[in-house]
Amino acid sequence: MAVELNELRDGIDAVDKQILDLLSQRLALVEKVGEVKSRHGLPIYAPDREAAMLASRREEAERIGVPPQLIEDILRRTMRESYASEKDSGFKCLNPELRSVVVIGGHGQLGGLFSRMFRLSGYEVKVLGSKDWHKADELLSDAGLVVVTVPIHLTQGVIEKLGNLPKDCILCDLTSIKSKPLKAMLDVHAGPVVGLHPMFGPDVPSLAKQVIVHCDGRDESAYQWLLKQFSIWGASLCQMSAEDHDHGMTLIQALRHFTSFAYGLHLSKENPNIDRLLQLSSPIYRLEIAMVGRLFAQDPNLYGDIIFSSQENIEMIERFHQRLGEAVKLLEGGNKQAFIESFAQVSEWFGDYSQQFMTESQNLLKQANDSIHRG
C-alpha cells in the first residue's frame, strides 16, 4: 500500500510542478498585458472580459469533468495576483500638464497608498505632513490637486487652512464622512471641489474592483480626468450625494463597528478560552470572530472618530439598542412563536437577497475553511 501511495503522490507532485510552470507563464503574460494597458490608458480591471473568460472556462471544465467552481476559484485567485502584478507596470497619465499633486497626510497609510498610485501614473507628488506646515505655502503655491487624507477629527481644521490655493486647483478629501468636509472645502476654496471616500483600507494589493465614492462639489468638468484616472487604476466609481453617503455609512460603518466593539467587549468580560472557541468553531463562527478580532488589531482612534462623527450615528445605535432589548424580551417571556413570527417578517423584508446572500456566504465560508489548518 505504501509503495502504491508513494507512486500516486509522486504523480501528484509532478502535476503540481506543471501547474507552477503554467502559473509562471500566465503571470509573465499578464505583465505584458499590463504594459500594453499602461501605454494605451486601459483600466487594469475589465469586468466584461473577466466575466466572459470565467464563463468560457467553466463550460470547458464541465465538458472534461472538472468541477466548474474549482476552475473559477483557481482563476479568481490567480486574477487577484495578476491585478497586483499589472499595477507594477504603472499607469497612463491622463493629465500630464497637471501641476504637482499635494497629499496632506501622505505619510499615513491611506495617504501613502494614493501617493504611490499617483507616482505610478507619472504625476509629481509632494507630501504635506503634520510637521511640514511651516513650508505649506511653498508646497501648495503651485498645486494642481490637493488631497486631504487625515484623521476625521482633524479634517475640518486642516481644510480651513487651505484658503490660498490656486484658483484652478482641485481640492478633495478621502474622509469616510462627506457632508461636513465637503461643505468646509466649498467654503474655503472657490475652485473645483469633490468629496471622495475610498471604500477600502490601505492594505489592498491593487485597486481592481475597489469602490471609490465621489460626491460632487463644484466644477465637475474640471475633475473628470481624476475620476477616469481612478478607473484606470481599476477602481469602480459610485456617485451619490454627501447626505445619502453619510446616511448609508451610519449603517455600513458606525453601527457595524459598534456592534463588533460591543461583542468584543462582551467576550472580554466573559473571558472564554479563545483557542477552545476556535476548536469548536464552525467556519461561519470562525469568520465572525475573526472579523471582530480584526477590529481590535487596528487604531481605536479611527473607529472612535467614525462612530462619534455624527449625532445620526449615535441615534442609530440607540435605536439598535432599543430593538435588541425588544428581542431579549421575547426570550425572557419564553415566547418562541413571537420569535418565529419576527424571524419571518425579517426574512420577508430581505426577500430574494436572502438566497443571494446564502450563495455568496457559502463561497466565502468554503474559502475560509480551506485556509484553516487543523493539526
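## R57 and its partner

R57 is partly exposed, at 31% relative accessible area; that label covers everything between buried (under 20%) and exposed (over 50%), using a 1.4 Å probe and protein chains only. Its side chain meets that of E60 in a salt bridge, 3.9 Å from N to O. For the record, a salt bridge here is a side-chain nitrogen of Lys or Arg within 4 Å of a carboxyl oxygen of Asp or Glu. E60 is partly exposed too, with a relative accessible area of 32%. Both R57 and E60 sit in helix α2 (residues 47-63), three residues apart, or about one turn of the helix. Helices are DSSP runs of H or I with at least four residues, strands are runs of E with at least two, and numbering starts from the N terminus.

A word on the source: this is a predicted model, where local features need pLDDT of at least 70 and side-chain atom pairs count only at pLDDT 80 or more, while totals for chains, interfaces and linings use all residues. Residues are numbered from 1 along each chain as its sequence is written, and side-chain values use heavy atoms, with hydrogens and water left out.

Helix α3 (residues 68-87) holds E72 and R76, four residues apart and so separated by about one helical turn. They form a salt bridge whose closest N and O atoms are 2.9 Å apart. What about cover? E72 counts as buried because its relative accessibility is 13%, whereas R76, at 37%, counts as partly exposed.

R77 and E81 are another pair in α3, again four residues apart and about one helical turn from each other. Their salt bridge has its closest N and O atoms 3.4 Å apart. E81 is partly exposed at 39% relative accessibility, and R77 is partly exposed at 40%.

Stepping back, a search of the whole structure turns up 10 salt bridges. E50, R58, E72, R76 and K209 are linked in a salt-bridge network.

## A nonpolar patch

V346, W349, F350, Y353 and F357 make a nonpolar patch on the surface, with about 570 Å² of accessible area together. Patches take residues with over 30% relative accessible area and no salt bridge, joining like charges within 9 Å and nonpolar side chains (Val, Leu, Ile, Met, Phe, Trp, Tyr) within 5 Å. Accessible areas come from the Shrake-Rupley method with a 1.4 Å probe, and for residues only the protein chains shown count as cover.

The elements giving two or more residues to this patch are α14 (336-350) and α15 (353-370). The largest share, three residues, comes from α14. F350 lies in α14 and, at 32% relative accessibility, counts as partly exposed.

## How α11 meets α15

Helix α11 (residues 283-295) packs against α15 at an angle of about 85°, with the axes 9 Å apart. That makes the two helices roughly perpendicular, a label for angles of 65 to 115 degrees; under 35 is roughly parallel, over 145 roughly antiparallel, and the rest oblique. Axes are lines fitted to C-alpha atoms, for helices over the stretch in contact, and angles run from 0 to 180 degrees between N-to-C directions. P283, I284 and L287 in α11 meet L365, A368 and N369 in α15, where contact means heavy atoms within 4.5 Å.

## The whole chain

The protein chain has 15 helices and seven strands. Its C-alpha trace spans about 80 × 65 × 35 Å along the principal axes. Of its 375 residues, 37% are buried.
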